[in-house]
Amino acid sequence: MYARYLSLTAGACLVSLATAQGTVSLTISARPPEGASDFISPAFAGFGIEPSNLFSFTGGAEENELSKNLIENLANYTGTPPHMRIGGNTQDYFIWNEDQDEYIWYNNASEAVGQGAYPSDHMVIGPRYFEVMNRWPSNTPITFGLNLAYSEPDYLDQIVIMAHQVFNRLTNLNVVSLEIGNEPDLYLENGFRSGEWGGNIYTQQWLNRAEAVWQEVLRPRGIPSNIFEPGTTASTIGTSFELNDLDSFGITVTANDSSKPYIAAWNQHDYYYYIGVSTYPLTQYHFMTLSTTNDQFAHWEEQVLQALATPYPYHLREMGVVGPIGLNDITDVFGASLWALNFFLYAATLNISSVQMHMTDNSNASAWQPIRFYGKDPFVRPNYYAYAAFDQLIGPTCQAQISGSVLTNAPEPYGGRSAVYQIYQDSTISSIVLINSNEANVSMTDKPSLTFELTLPTEFAGEEVHLAYLTNEGADAKSGTTWNGISYEESGNGLPTRVNDTQATARVGDDGVLSVLVRDTQAIVVSLSGPVGQLEANPSACQALLEKQPNARPAETPVGTNTADGTSTSDSSSHTNAASSATAASPSNGMTRLSTVILGTLVSALLSGCWLVL
């Protein structure tokens, strides 16, 4: 069997398996620079599940194995399950019925009395609804959405009854917070309210319901009053729902019979693009221009700053790529994985405390399809790999901090389509994420690349570093993604399968410079602290973080496996570059593919004294 690795005599030359188009040079700080994030919660990258779709993701009488494994994978990487939000439009549709004992929700539209284009009491849930959530790993952090839309005379009774179920029945989980209502800024549009409506009236109605839940559900259980997340807005542009507005209206008031407020954190929503709302046609090229995410999110950045000026953190509890249900060939392809990884990193640098990407069973943007839909059996989408990458980067340490940004001054065509982020562990540089999101589709046979020239802290001069690839054959690939040599599709049930045993490494030059070629539509992680995914838990740090971020509580019972099993499609070998550079010839789908267009380069390399073993 041929050994699949590239070896170069030290300092002699660089053999590239992609055509370099430009270079960006950066100096990497040994310690977190000013403006770096706070410590990142291990549950940071989470999911939001539309309440009407819960059983699709959990399963009914039988557990959904794909969902189980995919969630447990992430819990293994960080020690804490991803934060789950049960909320969305349909939280404002449901009411409780103890006798509804099926693994479904019952459509009560013919008898519903609540107002709204979709009546605010037409969706009836029962005990099975909470039973299936308890299948998630222990201490899975939960944000549960209560119904604000319903305003019939028994509205307080109804919200109190539902809140009782949350705390009586979610015994295996970590109930971190409650929402009251979903996107109240749209209540006039969807018929939940009429006449005068805005942030002030919303605040009054929100406080009325929060007080009832506090006095009748929380206080008798010894649970503090500050468990609610107000806002939950689709957009605050041009409205009186900005966080400063809600604060001025009194939503942060101290709760009656408590020394604490009702509010635990601020909660807002966003979609990069929303069909029927966004005013321009979306293309893959525009989507993969990462700087457009910063442009779209500019107003939300202002809201984050408003939140950070208060004692309460900011959560992006419903985030999406394209709403309401994704877009074929945009959100279900590999380009979306790079977008999602960049977004998680970008959001962390803003000190957003948690991000939940919204999922429905019919969405082309969901990280996986949990049931048969559109003629396809359940499967994993490429953007799931962004979660795996992010979670392995931050690990179970509870001491990860992130700094970095999209590069707007990179040489064309990479300005706005490249990014660099640094991950610090215990205030020391641990890894560097290099993203090249310039569009290169599967059909492009000679994909260009961008060189990242990194000047590392002096202690790394001459040292070996490890490389991990988030890669596929092209931006438009719908399957075959790998992260760190692992596939979550190969097994058919979401368990990790190692499809490439190659350990990619590079040697930093004696001058402390490391040059890394990143192929168009690819990300590479440079790990300075050993192979990616092998960080150790720090219980004392997690306990300290838990005091600030209640979703950081580790799982108490074993979940799944942290080992990627399966038959590798490559032999186990060490991919070492002894020069002060690293190639972008990453293994893709378990194989290193050499294009015939580089034969001239190889010949030139051989004549120069470099050698290649295939």
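**A strand residue, a disulfide and a loop**

Reply: Let us begin with His315, whose place is in strand β12, which covers residues 314–323; please keep in mind that this is a predicted model.

Me: Is His315 buried or exposed, and why?

Reply: His315 counts as buried because its relative accessibility is 8%, and the cut-off for buried is under 20%.

Me: Which residues is His315 in contact with?

Reply: If we leave aside the neighbours within four places in sequence, His315 is in contact with Glu229, Ala265, Trp266, Asn267, Gln268, Ser353 and Ser354.

Me: New topic: how many disulfides does the structure hold?

Reply: The structure holds 1 disulfide, and it joins Cys398 to Cys542 with an S to S distance of 2.0 Å. The pair links distant parts of the chain, since Cys398 lies in the loop between α11 (384–394) and β16 (400–406), while Cys542 lies in helix α12 (residues 539–546), 144 residues apart.

Me: And why is that disulfide right-handed?

Reply: The torsion about the S-S bond of Cys398 and Cys542 is about 90°, and therefore the disulfide is right-handed.

Me: Are those two cysteines buried or exposed?

Reply: Cys398 is buried, and Cys542 is buried as well.

Me: Ok, last one: where is Ala30 found?

Reply: Ala30 is found in the loop between β2 (19–27) and β3 (45–49). Between Ala30 and Gln422 there are 9.8 Å in space, C-alpha to C-alpha, although the two are 392 residues apart in sequence.

Me: What is Ala30 in contact with?

Reply: Leaving aside neighbours within four places in sequence, Ala30 is in contact with Tyr424, Ser427, Thr428, Ile429, Pro457 and Glu459.

Terms used
Residues are numbered from 1 along each chain as its sequence is written. This is a predicted model: local features need pLDDT of at least 70, side-chain atom pairs count only at pLDDT 80 or more; totals for chains, interfaces and linings use all residues. Side-chain values use heavy atoms; hydrogens and water are left out. Helices (H or I, at least four residues) and strands (E, at least two) are DSSP runs, numbered from the N terminus. Buried means under 20% relative accessible area, exposed over 50%, partly exposed in between (1.4 Å probe, protein chains only). Contact means heavy atoms within 4.5 Å. A disulfide is a pair of cysteine sulfur atoms within 2.5 Å.
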